[in-house]
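Hi everyone, thanks for coming along. Let me put the structure on the screen, and then I'll walk you through a few places in it.

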Amino acid sequence: GGFALLPFLWLVNVLWFCREAFLAPAYTEQPQIKSYVQRSAVGLLFWVVVLTTWVTIFQTHRARWGELGDYLSFTIPLGIP
Amino acid sequence: MAAGRGAEAWLGGILLCALGCGVCWANSVERKIYIPLNRTAPCVRLLNATHQVGCQSSMNGDTGVIHVVEKDQDLNWVLADGPHPPYMVLLEGELFTRELMLRLKGTSRVSGLAVAISKPSPPRGFSPGLQCPNDGFGVYDSDYGPQYAHCNWTVWNPLGNGLSYEDFHFPIFLLEDANETQVIKQCYQDHNLPRNGSGPEYPLCAMQLFAHMHAVTNTVTCMRRNSIQSTFSLSPEVVCDPLSDSNVWSTLKPINASRKMDPADEVVIVATRIDSHSFFWNVAPGAESAVSSFVAHLAAAEALHKVPDALTLPRNIMFTFFQGETFDYIGSSRMVYDMERNKFPVRLENIHSFLELSQVALRNSSALWVHTDPVSGRNESVRPQVRALVETLLNSSLGVNVTLQEVSQSQPLPPSSFQRFLRARPIPGAVLADHRAAFQNRYYQSVYDTAENILMRYPEGLSPEETLDYVTDTAQSLAEVATVVARALYQLAGGTGNTSAIQADPRTVSRMLYGFLIKTNNSWFQSIIKQDLKGLLGDEPPQHYIAVSYPVNTTQLVQFVLANLTGTVVNFTKEECLNPERAPGADKEMYDYTWVQGSREPNSTSRVPFCVQSTVHLTKALSPAFELKEWGSTEYSTWTESRWKDIRARIFLVASKELEIITLVVGIAILVLSLLATYFINAKAHVLFSSPGDVAY
């Protein structure tokens with residue numbers, strides 16, 4: 001589902017269809033479902049890595065970035081740099 | 001059945017009553033736990049272009065076990081020995097020094113500080129201001145008199161320890177009421193002192209201080225965040241405000257305030273500052289640093305308006321009261337900026353000479369010193385005018401108990417608004433002060449710069465009315481200074497008559513000193529203000545801090561006093577006074593008309609209001625840095641004050657951490673137990689609740 005930017009949809013995909021794709025007895029459509037679940041899992045993993053890295057960098061370096069940090073922030077905390 | 005329903009109704013009624021009363025009862029539980037401290041003043045965060053100064057607390061307040069420090073050794077308990085850090089230190093005012101504060105700043109065992117104001121004032125003096133006030137914003141820099149820059153020649157405030165300009169990461173409060181300090185000390189003695197050789201045990205007396213500041217880093221950051229918030233956010237959250245207010249100015253001969261002055265007209269400017277500061281927010285008695293000078297200025301203005309040929313003098317005289325001079329010359333830099341851009345009726349070319357009154361109340365053996373600028377004194381075109389100005393001043397003190405002396409011509413000017421005018425143009429001028437080199441004021445910009453500092457003493461047993469009119473020695477001395485200033489101004493403005501008739505009234509001076517230093521709610525101030533501004537007057541000594549919302553009480557009171565002393569009463573009705581265009585003979589462009597409430601009729605509660613025609617105007621005193629949006633400016637003042645939500649202080653007893661954890665664990669255990677019990681009872685309900693007559697299934 002989606003083009004390339006729906007990691008939460010893929011998470012739901014993986015969790016909901018996991019039982020159908022891997023644990024249920026085999027039926028004709030199962031290989032197709034299995035491939036979709038695997039592709040969702042790969043996409044999800046990719047996005048988890050990217051977002052975790054960005055969030056870590058942003059949280060630790062926002063104060064040091066000064067003006068850029070303020071323009072990138074949605075909510076700026078009060079009273080701390 | 002009917003009885004059952006009646007019982008249900010009764011039960012419902014009782015429950016409703018209990019719920020309603022529960023709201024009030026909950027409050028009394030809070031009152032039993034916490035004792036609020038009402039008479040306190042916090043230290044807040046101020047920011048300028050490069051730094052933040054002041055204090056900060058955590059968002060939900062800082063709590064600590066109280067420890068009273070009355071001598072230096074008590075501090076070791078806080079810093080090293082005490083077993084229950086962090087501590088909230090209650091400090092005697094005498095010990096509030098830079099060394100102690102730097103020691104507290106370096107440790108993490110201190111969560112806050114409460115300073116008890118020391119009565120009497122510390123005998124060796126105390127000044128949290130800088131040793132070189134307003135350094136870098138005056139006229140002396142690397143291009144203009146480099147040997148005078150950064151107080152290389154004279155240190156003006158040698159007692160200054162710079163505490164107001166340090167950054168603290170814990171809250172600091174001032175305890176103004178000695179009774180509250182006693183309550184805290186009593187709590188400390190009851191619970192926190194070690195007993196029988198062992199350490200103090202829980203429960204201990206603790207204090208919580210709330211003073212969370214929203215702004216950080218510096219003015220550039222907080223103003224940028226303000227603009228981001230107001231442009232992009234749905235609910236903008238402003239974090240800081242620039243310090244701003246209004247300057248008050250008035251002229252001897254009325255001028256058209258909406259048009260510019262003719263280039264051939266000349267003006268003599270006389271200036272004083274009207275604000276001060278201390279380490280704590282909105283505590284700024286400023287007796288010697290501000291009040292003494294502007295009271296003498298007001299008295300001189302009154303004396304000059306009584307001179308018969310005042311309106312025919314060749315040059316005009318402009319009485320200017322600058323606000324915000326404590327914070328890098330906010331008021332005077334703005335006025336010079338407006339003059340340069342033709343936004344002010346008077347232009348820099350119109351200024352003939354400049355006279356400023358600095359601190360003038362603590363004259364040592366009647367000496368008053370005349371300071372001039374050495375660098376412009378070497379300028380060939382300005383030098384003779386400066387000499388003439390000084391000569392005029394020295395001649396004006398004949399017959400008055402004031403010995404005017406000139407300081408060495410190689411000494412620079414003290415921190416004064418005149419320096420901002422010199423930055424724009426070499427103008428001949430002088431600054432009058434009671435100090436030759438270093439300040440006579442040992443409490444410059446501190447909480448102790450009060451009426452006692454300028455030796456205002458009243459005899460015992462006077463009623464408030466009698467105290468208002470009693471002429472103290474200080475009032476007499478300031479009246480003499482005002483007389484000298486008035487005579488000098490008359491001659492500088494080109495007056496040729498006999499000056500010995502020009503005298504400042506000591507009674508007016510003493511009324512002003514009482515009003516601006518002891519109690520603003522007196523009968524004279526009540527009679528000269530507008531009727532809807534009665535909230536302006538209070539029973540506590542007034543504070544002269546510039547603040548961020550304008551106009552502050554001091555500016556308004558100076559405006560009304562100046563209007564009363566220099567204006568004339570005109571016979572207009574209230575309708576005509578409030579709408580001068582409808583009044584016959586009123587000139588809205590030249591004059592300002594105010595409807596004041598007047599004094600009380602004898603044996604009556606009603607007042608006799610009247611209309612005052614004066615030349616008093618207000619002009620905005622916001623630093624040009626904020627107009628130009630140059631928030632990192634090094635040329636103009638960039639001081640801002642942080643915003644905050646809640647500032648309060650309270651004391652209560654705290655229990656040990658172990659007791660808190662035990663309570664929590666017991667509570668969770670009871671919860672789990674009750675859930676299990678409910679589950680089992682539910683599962684076995686058919687076994688537990690079967691009645692003998694039922695059919696078993």
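**Salt bridges, a contact between chains, and a helix**

Let's start with B:Glu627, which is partly exposed, with a relative accessible area of 39%. By that I mean the band between buried, under 20% relative accessible area, and exposed, over 50%, using a 1.4 Å probe and protein chains only. Before I go on, this is a predicted model: local features need pLDDT of at least 70, side-chain atom pairs count only at pLDDT 80 or more, and totals for chains, interfaces and linings use all residues. Residues are numbered from 1 along each chain as its sequence is written, chains are lettered from A and ligands numbered from 1 in the order in which they are written, and side-chain values use heavy atoms, leaving out hydrogens and water.

So what does B:Glu627 pair with in a salt bridge? The partner is B:Arg334, and the closest N and O atoms are 3.3 Å apart. A salt bridge here is a side-chain nitrogen of Lys or Arg within 4 Å of a carboxyl oxygen of Asp or Glu. B:Glu627 sits in helix H17 (residues 624–627) of chain B and B:Arg334 in helix H7 (residues 330–340) of chain B, so the pair ties together parts that are 293 residues apart in sequence. Helices (H or I, at least four residues) and strands (E, at least two) are DSSP runs, numbered from the N terminus. B:Arg334 is buried, with a relative accessible area of 8%.

Over all chains, the whole structure has 22 salt bridges. Another one joins B:Arg315 and B:Glu266, with the closest N and O atoms 2.8 Å apart. These two are 49 residues apart, and each lies in a loop: B:Arg315 between helix H6 (287–305) and strand E14 (316–322), B:Glu266 between strand E12 (244–251) and strand E13 (267–273), in chain B. Both B:Arg315, at 21%, and B:Glu266, at 32%, are partly exposed.

Now for the place where the chains meet. Here 15 residues of chain B are in contact, meaning heavy atoms within 4.5 Å, with 11 residues of chain A. The two chains bury about 980 Å² between them, 58% of it on carbon and sulfur atoms; buried area is the accessible area (1.4 Å probe) that two parts lose on being put together, summed over both. B:Arg224, B:Arg225 and B:Ile228 supply 51% of the area that chain B buries against chain A, more than any other three residues.

How many salt bridges are there between chain B and chain A? The count is 2. A:Asp70 forms one with B:Arg225, the closest N and O atoms being 3.2 Å apart, and A:Asp70, B:Arg224 and B:Arg225 are linked in a network of salt bridges. On the side of chain B that touches chain A, strand E10 (204–213) and helix H5 (219–232) each supply at least two residues. H5(B) gives the most, with 5 residues.

Last stop: helix H15 of chain B, residues 553–566. Its 14 residues should span 20 Å at 1.5 Å a residue, and its end C-alpha atoms are 20 Å apart, which agrees. That expected span is 1.5 Å times one less than the number of residues. Is H15(B) enclosed or open? Of its 14 residues, 12 are buried, so H15(B) is largely enclosed by the rest of the structure. Among the buried ones are B:Leu557, B:Phe560 and B:Leu565.
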